[in-house]
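Colleague: Could you walk me through how you put labels on a model like this one? I would like to see each label set against its cut-off.

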Amino acid sequence: MSKEKKSYQATVYVRLKEGVLDPQGTTIKRALGDMGYNGVEEIRSGKFFEVSFLSANRKEALKLVNQISDKLLANPVIEDFKVEI
Amino acid sequence: MKFGVVIFPGSNCDYDAYQIIKTIMKEEVGFLWHQDKDLNGCDCVILPGGFSYGDYLRTGAIARFAPIMQGIFNFAEKGGLVIGICNGFQILLEAGLLPGAMLRNSSLRFVCKWVHIKVEQENTPFTNNCQRSQVLKIPVAHTDGNYFISEEGLKKLKENNQIVFHYCSPQGKIDPAYNPNGALENIAGICNLKRNVLGMMPHPERAGEKILGSEDGRYVFNSIITFVKRKAN
């Protein structure tokens, strides 16, 4: 039984690193100003991914999601990511 | 010499590249399919513009894992010439063959227009037919051409003379007013340390005939041909 794989769901949050300009966030902020929401100081945009997969245990699952996030879901040159499982 | 133009699903400047090599430069050229691994003995690989894999995730992010890329990694490692134009440049960045990354244009708009670029490095296989500081008129067409690199990375690019093209005025003045996409310090094209891999946002393959508005794109392809033929002799 212990060798059976279990189903895991992970959420990966990807966002631009601090210091990297976010043209989308800037434009959204400007639009909010046009709408009358003048108190908005900053908007940073990002994306998230829901990943479902089979894994032997939580540790392996975390390792796998971190790997695919680093290799594909995020571009480490401009983006940071955070994994929740 | 022989050029190879890679076709990814969503490439759309592949025939433009093929056309200029075949009918204007009058050199041998063939297509390379993204699912293949072999480069068919090409002397120079062109990663063309377009929207490979629909630009899903990030521009170039999926194409970077196509089977043909393994062949291109090996080819580049051995000193083979690789030029990435527009989406091809984005793929080279995602693949790590060139440093940095592309952000969305600062305007958030698709920018399609003629621009001028200044040749900063004439001692590369892609610019040896140019004079230093020569201004080329070549069009851009992209949404993600806002080149970004860390401060430390930028310092290295400068130290190693890897910035090949800057966006500039028709007279060669480098100023934010002539920057079409917000690219860091007006960077339009860079090469790797070994100078055998070039990425550029403007489309030289679209500037091969007077009737199209400019012939300046020929300088890039003529340089490649000169370099390869010189090496062969």
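Modeller: Gladly. Helices (H or I, at least four residues) and strands (E, at least two) are DSSP runs, numbered from the N terminus. This is a predicted model, where local features need pLDDT of at least 70, side-chain atom pairs count only at pLDDT 80 or more, and totals for chains, interfaces and linings use all residues. Residues are numbered from 1 along each chain as its sequence is written, while chains are lettered from A and ligands numbered from 1 in the order in which they are written.

Colleague: Where is Asn40(B) found, and why is Asn40(B) called exposed?

Modeller: Asn40(B) sits in the loop between strand S2 (28–33) and strand S3 (44–47) of chain B. A residue is buried if 20 or more other C-beta atoms, placed from the backbone, lie within 10 Å of its own C-beta, exposed if 12 or fewer, and partly exposed in between. Asn40(B) has 12 other C-beta atoms within 10 Å, so it counts as exposed. Its phi is near 55°, a positive value in a residue other than glycine.

Colleague: What makes Tyr53(B) buried?

Modeller: Tyr53(B) has 22 other C-beta atoms within 10 Å, and therefore it is buried. It belongs to the loop between S3 and helix H2 (67–77) of chain B. Tyr53(B) also has a positive phi, about 50°, although it is not a glycine.

Colleague: And why is Arg195(B) called partly exposed?

Modeller: Because 19 other C-beta atoms lie within 10 Å, Arg195(B) is partly exposed. Its place is the loop between strand S10 (187–191) and strand S11 (197–200) of chain B.

Colleague: Which residues does Arg195(B) touch, not counting those up to four places away in sequence?

Modeller: Two residues are in contact if their C-beta atoms, placed from the backbone, lie within 7 Å. On that basis Arg195(B) touches Thr124(B) and Pro125(B). Separately, Arg195(B) and Asn160(B) are 9.9 Å apart, C-alpha to C-alpha, and 35 residues apart in sequence.

Colleague: What makes S2 and S7 of chain B edge strands?

Modeller: Two strands pair if DSSP finds at least two bridges between them. The open sheet has nine strands in the order S2-S1-S3-S4-S11-S10-S9-S6-S7 (chain B), with mixed pairing. S2 and strand S7 (135–142) of chain B each pair on one side only.

Colleague: How do strand S6 and S7 of chain B run, and how many bridges join them?

Modeller: They run antiparallel, with eight bridges joining S6 (residues 111–119) of chain B to S7(B). His116(B) stands opposite Lys137(B) in S7(B).
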